[in-house]
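Here is a brief report on a protein fold. Please look over the sequence and the coordinates before reading on.

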Amino acid sequence: MATARFLEVTRDFDLDVLLERPLHAGATTCALRPQADSVKTARDVTRTALARWGLDRLCDDAALVVSELVTNAVRYLSHPGAYGEHPITLILMRRFDHVLLAVSDPSDGVPTPKEPDFVSEHGRGLYIVETYSDRWGWNALSRGGKAVWALFHCDL
């Protein structure tokens, strides 16, 4: 039953539309530069949105997950200057009893989880996303690129 509910919720998210404009008070977007300090900006935006929605208890896990998603977008973006000043976008949306965090970028590279190496500084990002979120995935975007997303259940 839970898997069916997650699938229903993820079908309701049209990331292409959300990138154009948030449709309601339960959605927000933030354009990000392809640089390391965008990770802090994304965490701050995430914490602010969750607090506004009364979901403070999700702040720590969501901030960790969004940090990993933005770090990956910045790290794997080839030729960042070719895409303009803000090629990465953070999307947050609350729908029913779920919160979606997504990070879009113009890269067509498929996010591939690796077996975590707990000694190395790299390679644990998607493992962390999978561990702290209820479900994660990615979608190709009609404008090109992709959005990597994580879904969190929140009790109402």
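The report covers the sheet, the helix across it and the nonpolar cores of this predicted model.

## Sheet

Five strands form an open sheet with antiparallel pairing. Their order is S1-S2-S3-S5-S4. The edges belong to S1 (27–32) and S4 (135–140). Each has a single partner strand, so one side of each lacks a neighbour in the sheet. On average, neighbouring strands are turned by 15° against each other, direction ignored.

S1 runs antiparallel to S2 (residues 88–95), and six bridges join the two. Within this pairing, Ala31 has Thr89 of S2 as its bridge partner.

## Helix across the sheet

H4 (residues 59–75) lies across S1, S2, S3 (98–105) and S5 (146–153). The helix runs at about 15° to S3.

## Nonpolar cores

In soluble globular proteins, nonpolar side chains tend to be buried together. Here the largest nonpolar core has 31 residues. Leu50, Val70, Leu90, Val99, Leu101, Val103 and Phe152 touch the most other members. At least two residues each come from S1, H3 (38–52), H4, S2, S3, H5 (125–132) and S5. H4 supplies the largest share, eight residues.

What does Leu90 touch, not counting residues up to four places away in sequence? Its contacts include Thr28, Thr29, Cys30 and Leu32. Ala42, Val45, Thr46 and Val66 are also among them, as are Ala102 and Val103.

Another core, of eight residues, lies apart from the largest one. Its members include Ile91, Leu100, Ala102 and Trp149.

Note on methods: Residues are numbered from 1 along each chain as its sequence is written. This is a predicted model: local features need pLDDT of at least 70, side-chain atom pairs count only at pLDDT 80 or more; totals for chains, interfaces and linings use all residues. Side-chain values use heavy atoms; hydrogens and water are left out. Two strands pair if DSSP finds at least two bridges between them. Helices (H or I, at least four residues) and strands (E, at least two) are DSSP runs, numbered from the N terminus. Axes are lines fitted to C-alpha atoms, for helices over the stretch in contact, and angles run from 0 to 180 degrees between N-to-C directions. Contact means heavy atoms within 4.5 Å. A nonpolar core is a set of buried Ala, Val, Leu, Ile, Met, Phe, Trp, Tyr and Cys residues joined through side-chain atoms within 4.5 Å. Buried means under 20% relative accessible area, exposed over 50%, partly exposed in between (1.4 Å probe, protein chains only).
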